[in-house]
Amino acid sequence: MTAVIKVKKKNREFLLKTEEMSGEHITMCEQCGICTTSCPMTEDMDISPASIIHLVQIGDEGVLDSTAIWLCASCYTCTVRCPRGIDLSAITEALRQQTLRKSIDYIDINSIDRKELEELPAIALVSALRKYTS
Amino acid sequence: MSQNIGVYVCHCGGNISDTVNVDEVAKYAENQDDVVVVRSISHMCSEEGQKAIIDDINEKGLDKIIVAACSPQFHGPRFRKVVEKAGLNPAMVEMANIREQSAWPHFNNKKAATEKAKLLTKAAVNNMRDMEPVVPEKMKIGKNVLVVGAGIAGIQASLDLADSGFNVYLVEKKPMIGGHMAQLSRTFPTNDCASCILSPKMADAAEHPNIHLYTYSEIESVEGTIGNFRVKIKRKPTYVDPKKCTACNSCTEVCPTLVPDENNEGLALRKAIYLPSHIAIPHSYVLDEDSCLGLQPIACGKCVEACEANAIDYEQKPKHISVKADTIIVATGFDIFDAKRKPQYGYGRYENVINALELERMIVEAAEGSPLRPFGKKVAFVQCVGSRDVTVGNPYCSRICCMYATKLSMLLKGMIPDADVSVFYTDLRSFGKGYEEYYKRAQEIGVRYIRGRPGEMYENPKNKKINLKVEDTLTRDILDDDYDLVVLSVGLEPSKGTKEIAQMLKIPQSSDRFLQEAHPKFKPVDTAIDGVFIAGTAQGPKDIPDTVAQAGAAAARAIRLMNKGEFEMDPVKAFVHEELCTGCGDCVDACPVSAISMAGSIATINPPVCKGCGSCISSCPTEAIDLKLFTNKGVRDKISGILEGKKSGENRVIVFADDMCTYRLADGVGTAKMEYTSDAYIVRVPSSSRVTPRILLEAFEKGADAIFIGECEKAVSPYPDTHGPIEMSIFAVKKVLEKAGIEPDRIIFSPFVTVMFKGFVGKVNKLAEMARKHGNIPEEKRRNLVKMLEEVDR
């Protein structure tokens, strides 16, 4: 079977927006991949952290549909080890924000059971509520 | 003083005269004081033009010449020769650059170009009026060279110098010469054995009648300057007389002390009395006083008893040797990156994680039948450990690791045919001659190159294998495997000795901490210090061929200075008006190369050390320090020439341009016919650090609407740090402007390299536009600026 290579139209604006939101020079990434095997969540991600950066570099907005950006725990291991000094955690946060700002869905805090509310980790609530303010 | 100045306006065959009305400029020049001859000639650089100058000097008694033509960078040397031919001092000619600075950038505005050409000519006449003859000093220089470091760079430079008849003092810190190369197995891309090709050179250096070799020695101090460096060398005692020692090894056999062997990178042990390496030159035993039990027969003394040749002497003391050198070559080399600084790779904790230099030693010793440790079958190389990594402060590429990993992989495959060798790389750089083919050869014999940088590694506590996880960044697969041996391809850092000698000789270091060459392209082995040259990895990471080439270049550069027996110093040097000097000593601290000292209560300049940057001038409160060819008076006269007669509403921006970068950049902009504001007038200075706050404020007093200060970017500057003094001057000026109610943004500073055309045009235009918006500074606001400076100072 002949493989068909699909040429996608890439969106440079997406790269610039993500750079602006994260404050990071995303084009500085040399794709060495040290982040991927430093990340404690890599095995559960659909694409690797290095791939996330690569997709942003080429302006592929499809990266917003990945689960990987939501699995990033912002532990900063990648940031500490990046030989180019790029803060990947800031970039994944910028990507998450781009989806959040679309307000596709949100949690109605009133609909959560009071008991459940008490049991929920505070960080989960804060993350959920952030959607209202972003 | 009566003067006879001649002004020659060049048409440059239309290049100038198509835009600038040259007749108008000539007429304007005639009306200047002291100008007795004015000519307007088609090509000043032609025979005809040159002859006109010579004839006028002879017949009309001209003593000073202005050539209003192209850039002095272009034809300056030619006209200096012309006036010299006619018997004048070469300083007696000045060029008004009306081509690159007027006709070309303002080709669209003939009127403005002509007006600017007039003022540039007037500024040159003004400057020339008080110009004094300058005679470059000549200094005697001998034929003695100090070479610091006897690795391959130091050895090669010493041999080249010694063979050319120069006297070499070769100083090495270790007990043997040869440096890191003496530790290596083989060399890429030919795979010849390192010690086999190095040993003959080591022997040549040790035996050469013109080379005085000091091993186990350190430089204690260096004083003086080119032609007269006074060097103190401390030779540590080896406690063994090399003349008596027969290298029988009896002492080593009986010695009870064991310490890690430096030559084997600590993978083996040595005794306190030992032969540094079996290829050591000098081939003599050394007693290491730090690990010896006590240098007293009571404490141990076994080696003395065992030595039949009576070569061991516990009473030896350090020797202090003084030598005089005319030039110095620094070849102090590198240290490998300490992989413990990347803790995620476990070096130092896991026994099967080693660095590449250790593998070199393992291969050498295994080939000689005394393996240091097992190799294993499954081996991984991790590239860029301590290179290209901002987390350890080494953003640079170490240049040799790709090729040495390739070499070591091949050697491993040669020794263990079924070895499985993988090289984990980020970018593979096989840049040298024959290197790409070498890389291909490794791939042919089955070395696998996988693109990815491992995140971390763990030791399996049971079998001590190393688990390594890495993303193959080409397939995006995560590889997870166990290895018998992981080799970290560690990068290069400047050695401890390199940093020490840099401080001692005041050689600037670049941001990567390696020694800074005087110019990255054209003076790659010179330093900012006259008579001091650099070679090898002290200057930056490099392989053996480049090191040897650079060593030869350093030797040639040193020979170039010494061969004639005397050398002519650059005439642009600081000098002191003794009657003005108050002896405060501020200039002594301001000088970046320590060329100034206090003789009693008066500052004195040491001309061979002075670089002519002028940083001292800004620091002097009484203007007692001055610069030859670019005197305080001369700079003021030029500024007056530009500002005198300025009418209200006219906008003038003074651009101070350093000779090396900004002036050449402006020439480039002109040559490219890129337009910029004709409000900008360029004043050439060797470095903008010679422009004092007082001169800047006087310029504002005289009516300058804005001041632009251009200076070389630090990396390409021919001077040690000049940005500090410039920034301090600007700080003082801004403070005064603020106090006087004048917009402080009328003065800006920008570093340049010679290619930043758009940046220059943009910044100058912006400043001029801003000054126009602000309007002229009202007379009453700018009247007392210099006086206010004194108040601010206080």
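User: Which stretches of chain B does the domain assignment give to domain 2?
Analyst: This is a predicted model. The domain assignment of chain B runs from domain 1 (1–134) through to domain 6 (630–794). Domain 3 (250–317), domain 4 (338–492) and domain 5 (569–627) are also listed. Domain 2 is written in pieces: 144–235 + 323–333 + 495–562.

User: How many residues of domain 6 of chain B are in contact with domain 2 of chain B?
Analyst: The C-alpha centres of these two domains lie 43 Å apart. They still touch, and domain 2 of chain B brings six residues to the contact. By class, those on the domain 2 side are four nonpolar, two polar and no charged. From domain 6 of chain B, the number is five.

User: What share of the residues of chain B count as buried?
Analyst: Chain B holds 22 helices and 38 strands. Its C-alpha trace spans about 95 × 65 × 55 Å along the principal axes. Take contacts between residues at least 6 apart in sequence: in chain B, 74% of them join residues at least 24 apart. Of the 794 residues of chain B, the buried share is 51%.

User: Which residue of β2(B) is the bridge partner of C10(B)?
Analyst: Strands of a sheet pair through backbone hydrogen bonds, either parallel or antiparallel. Strand β1 (residues 5–10) of chain B pairs with β2(B) in the parallel sense, over six bridges. For C10(B), the partner in β2(B) is I41(B).

User: How far apart are the axes of helix α10 and helix α11 of chain B?
Analyst: Two packed helices are described by an angle and a distance between their axes. Here α10 (residues 356–367) and α11 (residues 401–415) of chain B pack at about 35 degrees. The crossing of α10(B) past α11(B) is left-handed. The distance between the axes is 11 Å.

User: Which residues of α11(B) meet α10(B)?
Analyst: The α10(B) side of this contact has A356(B), L359(B) and I363(B). By class, the contact has seven nonpolar, no polar and no charged residues. On the α11(B) side are Y404(B), A405(B), L408(B) and L411(B).

User: What is the pattern of chain A along its sequence?
Analyst: Chain A has eight helices and zero strands. Of its 134 residues, 29% are buried. Its contacts with a separation of 6 or more include 65% between residues 24 or more positions apart. Read along the sequence, the pattern is α-α-α-α-α-α-α-α.

User: Which strand of chain B gives the largest share of the side that touches chain A?
Analyst: The contact takes 17 residues from chain B and 16 residues from chain A. The chain B side divides into four nonpolar, six polar and seven charged residues. Its largest share is three residues, from residues 466–472, strand β25 of chain B.

Conventions. Residues numbered from 1 in each chain as written. Chains lettered and ligands numbered in written order. Predicted model: local features only at pLDDT ≥ 70, side-chain atom pairs only at ≥ 80, totals over all residues. Axes fitted to C-alpha atoms, helices over the stretch in contact; angles between N-to-C directions. Helix = DSSP H or I, 4+ residues; strand = E, 2+ residues; numbered from the N terminus. Left-handed = near helix turned anticlockwise from the far one by under 90°. Contact = placed C-beta atoms within 7 Å. Nonpolar A, V, L, I, M, F, W, Y, C, P; charged D, E, K, R; others polar. Pairing = 2+ DSSP bridges. Buried ≥ 20, exposed ≤ 12 C-beta atoms within 10 Å, placed from the backbone. Domains from an automatic or database assignment.
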